[in-house]
Every structure is written in C-alpha cells, then in structure tokens.
Amino acid sequence: MSPHPGSRSPDSEPRAARFPIHMTMRYRTPGETDWLEGETENISRSGLLFRAPQMLEVNTPVELKFNLPLEVGGEQGALVLSLGRVVRTVMPPTSDVLPAAGVKFLNYRMLRREDNGAI
C-alpha cells in the first residue's frame, strides 16, 4: 500500500511551525558590504521566506538580520543575525509582486536590545 500524497515517511522530521510575519529585514551575500532590504512572509525555527527585488539562486549563502517580534521570541527588541542558505525560490505570480527566497538557517545568534543596533 502506498502512502497518501503529501504524507511523510516515519523517518522524516515534521515541518517546523511557521509564523506569518511581515516585517522589514536585511540580507546580503557573504563578502558583500552593503545590506539589501527585503520583507519576511513567514518565519520558523528552521528558516524564513522573504520577498526582495533581487532573485537569489538556490544554494546561495546569505547573511540575514532582523528584529525578532515579541510573539516569536518573547523578548522585545532582540536582533537576530543569521547565516543561511537559499533552499527554494518562488517566482512572483504577477509583475507587481516581488520574487521570494526560502532560506534555511545554518546558524544564528540573538542580541538583546542593549547590544543591538537598528536594522
């Protein structure tokens, strides 16, 4: 008997819960000095999906920084600095919507309000 479409094997990890959070964030590819601006679509413990004017290719390493919302982090004003990798891209459905990149966090650190600067 075959598994149902979309089902996961017993060995696979469940997908992390995603929080539909729209906020400004910054990103850049390693080696770049300038941060570019994007907007998050959703965030989970394992990564995020964000929209930006520039399409990033799958497997592109990317540095991210954003302020973690209180409802996710429980601590207002925490700045997240992360290194990630683009694992998927989403082409825009229309020309007035920006492309999106799904990024898997490889590592991250959170800075308290007194330690962080504005993104």
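**Figure 1. Pairing of strand 5 with strand 6.** In this predicted model, strand 5 and strand 6 run antiparallel and are joined by 11 bridges. Within this pairing, leucine 81 stands opposite arginine 109 of strand 6.

**Figure 2. Pairing of strand 3 with strand 6.** Strand 6 also pairs with strand 3, in the antiparallel sense and over five bridges. Here phenylalanine 50 faces alanine 101, a residue of strand 6.

**Figure 3. The largest nonpolar core.** This core holds 19 residues, of which Tyr27, Leu48, Phe50, Leu56, Val62, Leu64 and Phe66 touch the most other members. Two or more residues are given to this core by each of strand 1 (24-28), strand 3 (47-51), strand 4 (61-67), strand 5 (79-90) and strand 6 (100-111). In soluble globular proteins, nonpolar side chains tend to be buried together.

**Figure 4. The salt bridge between arginine 26 and glutamate 37.** The two side chains meet at 2.5 Å, N to O.

**Figure 5. The salt bridge between glutamate 63 and arginine 28.** The side chains of glutamate 63 and arginine 28 meet at 3.1 Å, N to O. This pair links distant parts of the chain, with glutamate 63 in strand 4 and arginine 28 in strand 1, 35 residues apart. Arginine 28 has a relative accessible area of 18% and is buried, because the cut-off for a buried residue is under 20%. Glutamate 63, at 23% relative accessibility, counts as partly exposed.

**Figure 6. The salt bridge between arginine 51 and glutamate 41.** The closest N and O atoms of this pair are 3.3 Å apart. Arginine 51 in strand 3 and glutamate 41 in strand 2 are 10 residues apart, and their pairing links distant parts of the chain. Glutamate 41 is partly exposed, its relative accessible area being 22%. A search of the whole structure finds three salt bridges.

**Figure 7. The chain as a whole, for orientation.** Of the 119 residues in the chain, 33% are buried. Among contacts between residues at least 6 apart in sequence, 55% join residues at least 24 apart. The accessible surface of the chain is about 7900 Å², and 51% of this surface belongs to carbon and sulfur atoms.

Methods: Residues are numbered from 1 along each chain as its sequence is written. This is a predicted model: local features need pLDDT of at least 70, side-chain atom pairs count only at pLDDT 80 or more; totals for chains, interfaces and linings use all residues. Side-chain values use heavy atoms; hydrogens and water are left out. A nonpolar core is a set of buried Ala, Val, Leu, Ile, Met, Phe, Trp, Tyr and Cys residues joined through side-chain atoms within 4.5 Å. Buried means under 20% relative accessible area, exposed over 50%, partly exposed in between (1.4 Å probe, protein chains only). Helices (H or I, at least four residues) and strands (E, at least two) are DSSP runs, numbered from the N terminus. Two strands pair if DSSP finds at least two bridges between them. Contact means heavy atoms within 4.5 Å. Accessible areas come from the Shrake-Rupley method with a 1.4 Å probe; for residues, only the protein chains shown count as cover. A salt bridge is a side-chain nitrogen of Lys or Arg within 4 Å of a carboxyl oxygen of Asp or Glu.
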